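Please look through the sequence and the model shown here, and keep them beside you while you read the explanation that follows.

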Amino acid sequence: MNKVENSFLNKNQFGEDFLWGVSTAAFQIEGAHDADGKGSSIWDVFTSQKGKIKNDHHAVTACDFYNSYQTDIDLIRELNIPNFRFSISWPRIMPTGVHPVNQAGIDYYNKIIDSLLESGIEPWITLYHWDLPHALELKGGWTNRESVTWFSDYVAVCAHYFGDRVKNWMVINEPSVFTGAGYFLGIHAPGKKGISNYLKAMHHVTLATAKGAKVLRNAIPDANIGTTFSCTHIEPATQNAKDIEAAKRVDTLLNRTFIEPILGLGYPQKDLPVLKKLNNYILEDDLNNLDFHFDFIGLQCYTREVVKSSLLIPYIGAELVSADKRNVISTEMGWEVYPPALYHVLKKFNEYKGIKKIIITENGAAFADTVTNGKVFDIKRTHYIQDHLEQILKAKEEGLNVEGYFVWSLTDNFEWAEGYNARFGLIHVDFNTQKRTIKNSGLWFKDFLS
Ligand code: NOJ
């Protein structure tokens, strides 16, 4: 008997109020890149350049969610999933990033929200999931301090048009990933590199997170406001002092740099000295404007990383030992399958006194799925989800704070620099025909949630 049939997991073990959902992001699913007055985003521009994305994939059509949202909402309902997380494309509703508003974009999101509510599905909006309007990038994007004002004006527009029906909001998605990959390494849009771009973007995004949350709170007093962080369990490669110190620096960079200022703890400059350079960009009073008392913090955890000291790597003096080199089981992303990472991350974030509530707003896995006779036998994904849920149960049994779990993702979609090669969906998408096939993991989740 295989593990799926054998699973003793039961939804009731998590408690009646535990939130179950599925997560997506506009650029990864919508397509319709220039429909009905939409402006270009930095990702539209980045993906149009040769050599940036694996196989030069782009997201001009993606999953065509723009046109087929009703089909996908029907599938969410069919899978018994009560909460749907999606993001608003800023340039779809504000083509140049600032006023005026594009009414067709507003109408589109209104249709989605209304359709979800009619289907009994709770909408969860992410305000920024990486698709900055290109017009703003021409003015420096997140490296320009004005970005804090651009973003809060955009948040006010979203609150005004959608706040009457949407109560659950996430301000920014994974700031460490999009600033690190987009403004330091240059492997994500907008493709900028270097320490000063990175630190400027980091500080402005952090200011924008707090400011955006305050705008929401004023406009929608009863909103449930959160923001999401990528987090990875970090371990040193050996018990050698140098590796332990290196692991501490990587942990600070990946897991602490963005959340600590939001919690009023300031940037962790002591444990990561390069962050002292931030002082060049921090203006008087900024430190009083970095924090916000969020109703929940979204954690997005996929794996662990093993770290060793390396003098060759600037600023951080550390490198990751890949899953490949460690000979461990990994996903199509090359990420080790290590479910206890989720438990460790929960334990770590539970130590922050300022966090009211934790929701796992993303967790999932990419495997090379194929459709055989109308079915997708993705047993590895089902195991991945089950094993991570067991870690959540363990955390809950120990009294740790964790009140929800959202799978990444509803359908296979455009996985940034990996293009369509990494399939994360509970539902398979044939990108030639747009045909959807519920994978076995989706059927398992449906059963679990029924
Ligand atoms: C994090 C991001 O929020 C999401 O956009 C991405 O597709 C998944 N993780 C998987 O990499």
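**A buried valine and its surroundings**

V429 is buried, its relative accessible area being 0%, where buried means under 20% relative accessible area, exposed over 50%, and partly exposed in between, with a 1.4 Å probe and protein chains only. This is a predicted model, in which local features need pLDDT of at least 70 and side-chain atom pairs count only at pLDDT 80 or more, while totals for chains, interfaces and linings use all residues. Residues are numbered from 1 along each chain as its sequence is written, and side-chain values use heavy atoms, with hydrogens and water left out.

V429 belongs to strand 12 (residues 427-430); helices (H or I, at least four residues) and strands (E, at least two) are DSSP runs, numbered from the N terminus. Leaving aside residues up to four places away in sequence, V429 touches T411, D412, R423, Q434, K435 and R436, contact meaning heavy atoms within 4.5 Å. The C-alpha atoms of V429 and N413 are separated by 7.7 Å, although these residues are 16 residues apart along the chain.

We turn next to a pair of helices. The axes of helix 4 (residues 65-78) and helix 6 (residues 103-118) come within 10 Å and cross at roughly 10 degrees, where axes are lines fitted to C-alpha atoms, for helices over the stretch in contact, and angles run from 0 to 180 degrees between N-to-C directions. Helix 4 and helix 6 are therefore roughly parallel to each other, since angles under 35 degrees count as roughly parallel, over 145 as roughly antiparallel, 65 to 115 as roughly perpendicular and the rest as oblique. Where they meet, F65, Y66, Y69, Q70, I73 and I76 of helix 4 contact Y108, K111, I112, S115 and L116 of helix 6.

Aromatic rings come next. Rings of Phe, Tyr and Trp (its six-membered ring) pair if their centres lie within 6.5 Å, with planes under 30 degrees apart counted as stacked, over 60 as edge-to-face and the rest as tilted, and by this rule the count comes to 42 aromatic pairs. In one of them, the rings of F65 and F84 have centres 6.2 Å apart and planes at 40 degrees, so the pair is tilted. Because F65 lies in helix 4 and F84 in strand 2 (residues 83-87), the pair ties together parts that are 19 residues apart in sequence. F65 counts as buried at 3% relative accessibility, and F84 is buried with a relative accessible area of 0%.
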